[in-house]
Amino acid sequence: MFETERIQERVILVGVDTGSQELPERSLDELSELAKTAGAQVAGRLLQSRETPHPATYIGRGKLEELKDLLWETEADGVICDDELTSAQLGNLEAELSVKIIDRTLLILDIFAARAMSGEGKIQVELAQLKYRASRLTGLGRSLSRLGGGIGTRGPGEKKLEMDRRLIRERISRLKRDLREVEKHRELVRSQRRQSGLKVAALVGYTSAGKSSIENALTGAGILADAMLFSTLDTTTRSLMLDNTQEILLTDTVGFIRKLPHHLVEAFKSTLEEAKYADIIIHVVDASNPQRDEQMHVVYETLRQLGVENRPVITLFNKQDLLEKEVRQRDFQADYSIPVSAKTGQGLEELKKSLLEIIRRDQIYIERLYDFSEAGKIQLIRSRGQLLSEEYVPEGIAVKAYVPREIYGKL
């Protein structure tokens with residue numbers, strides 16, 4: 001038997017500081033993590049300060065020569081740019097450097113292609129990849145016919161790169177039809193949830209903040225949870241009992257990131273809309289990350305883009321076990337701020353209490369004595385509310401319960 005070892009690509013990270021970012025180095029740090037997640041080894045980095053990226057080559061002529069020297073010195077196989085490149089920039093950089101050129105969008109798409117497990121996830125990733133490539137057929141140049149593997153080639157496969165625009169458009173149309181069918185099913189599931197009266201809480205947050213770990217700790221969902229970016233891509237919904245009577249649905253969502261490519265926001269809209277249709281937002285923050293404030297800002301901006309507003313928000317400052325000493329952090333945009341640790345279980349009971357308080361705001365407590373002929377009303381309470389006690393007495397059925405405001409009039 002022959003054993004094969006995957007050759008790890010060596011890459012140079014390149015960014016442009018336009019002055020719009022306070023600390024552009026942090027963006028390159030994140031790009032470095034993305035590259036490692038995709039399986040590459042970072043051999044060097046280059047950052048240029050200029051008002052706008054160069055329209056032809058992303059970086060200026062002087063930095064381009066510097067990049068050539070760096071590629072030669074480090075024997076790197078490729079370059080990853082920290083922004084989305086135009087087709088002209090892609091083609092010109094490849095012609096100048098004679099190595100593989102990848103931008104931030106293609107890198108994230110590649111990670112998504114490796115992580116998508118469900119049928120819906122694979123459709124969404126392929127759709128985003130084809131839209132990206134369709135707009136850059138001329139800029140990809142020689143790479144369209146290049147065979148081989150590595151970063152930027154996973155997902156639809158090399159045959160997709162060799163399609164002409166007409167074939168890609170046809171494939172995109174088919175994928176959109178498939179996605180619409182999936183969305184119909186998802187809407188049916190949402191409709192059934194609404195009819196059941198169960199509230200839905202969506203876990204949102206920056207990638208690697210610990211959303212999957214929180215859901216695993218609360219529900220035993222068994223979702224893959226590791227330190228890699230975008231370790232989970234497909235949504236998972238599980239039921240969670242807050243007390244002996246109140247049940248809630250907890251759903252995980254794809255992690256957010258700065259400069260989230262618009263191709264992904266569009267393709268994953270049906271998945272991200274889990275947050276839009278949720279009754280409660282649980283915002284998970286990595287409390288041990290020095291950039292947590294910036295990451296929180298990215299999450300709220302992405303939620304605004306999706307139209308997720310006017311929802312109760314609980315912010316969980318996760319990974320308290322990694323802090324040297326506990327610091328009570330606050331999110332002033334949230335209704336509750338709770339320090340938690342998915343690893344130790346700290347704060348999870350407080351989270352349940354907070355969820356229960358939010359749900360109780362929309363419920364009315366009742367104590368009623370129903371005639372035996374009104375047993376149907378008790379069934380309505382069971383299906384839509386929380387039946388605390390039910391006692392059969394000579395006069396009828398004594399009931400204590402919490403019921404949603406929308407059904408109170410029927411009772």
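The model is predicted, so to speak of local features requires pLDDT of at least 70, side-chain atom pairs count only at pLDDT 80 or more, and totals for chains, interfaces and linings use all residues. Residues are numbered from 1 along each chain as its sequence is written, and side-chain values use heavy atoms, leaving out hydrogens and water.

**Helices α2 and α3**

- Helix α2 (residues 61-74) packs against helix α3 (residues 87-97) at an angle of about 50 degrees, with 11 Å between their axes.
- The crossing of α2 past α3 is right-handed (the near helix is turned clockwise from the far one by less than a right angle).
- On the α2 side, R61, L64, L67, K68 and L71 meet L93, E96 and L97 of α3, where contact means heavy atoms within 4.5 Å.
- The residues of this contact divide into 5 nonpolar, no polar and 3 charged (Asp, Glu, Lys and Arg count as charged).

**Helix α4**

- Helix α4 (residues 104-115) has 12 residues and reaches 17 Å from its first C-alpha to its last, close to the 16 Å expected at 1.5 Å a residue.
- Because 11 of its 12 residues are buried, α4 is largely enclosed by the rest of the structure; buried means under 20% relative accessible area, with a 1.4 Å probe.
- Among the buried residues of α4 are R104, D110, F112 and R115.

**Helix α13**

- The 14 residues of helix α13 (residues 348-361) should span 20 Å at 1.5 Å a residue, which agrees with end C-alpha atoms 20 Å apart.
- Buried residues in α13 include L348, K352, S354 and R360.

Note on methods. Axes are lines fitted to C-alpha atoms, for helices over the stretch in contact, and angles run from 0 to 180 degrees between N-to-C directions. Helices (H or I, at least four residues) and strands (E, at least two) are DSSP runs, numbered from the N terminus. The expected span of a helix is 1.5 Å times one less than its number of residues. Buried means under 20% relative accessible area, exposed over 50%, partly exposed in between (1.4 Å probe, protein chains only).
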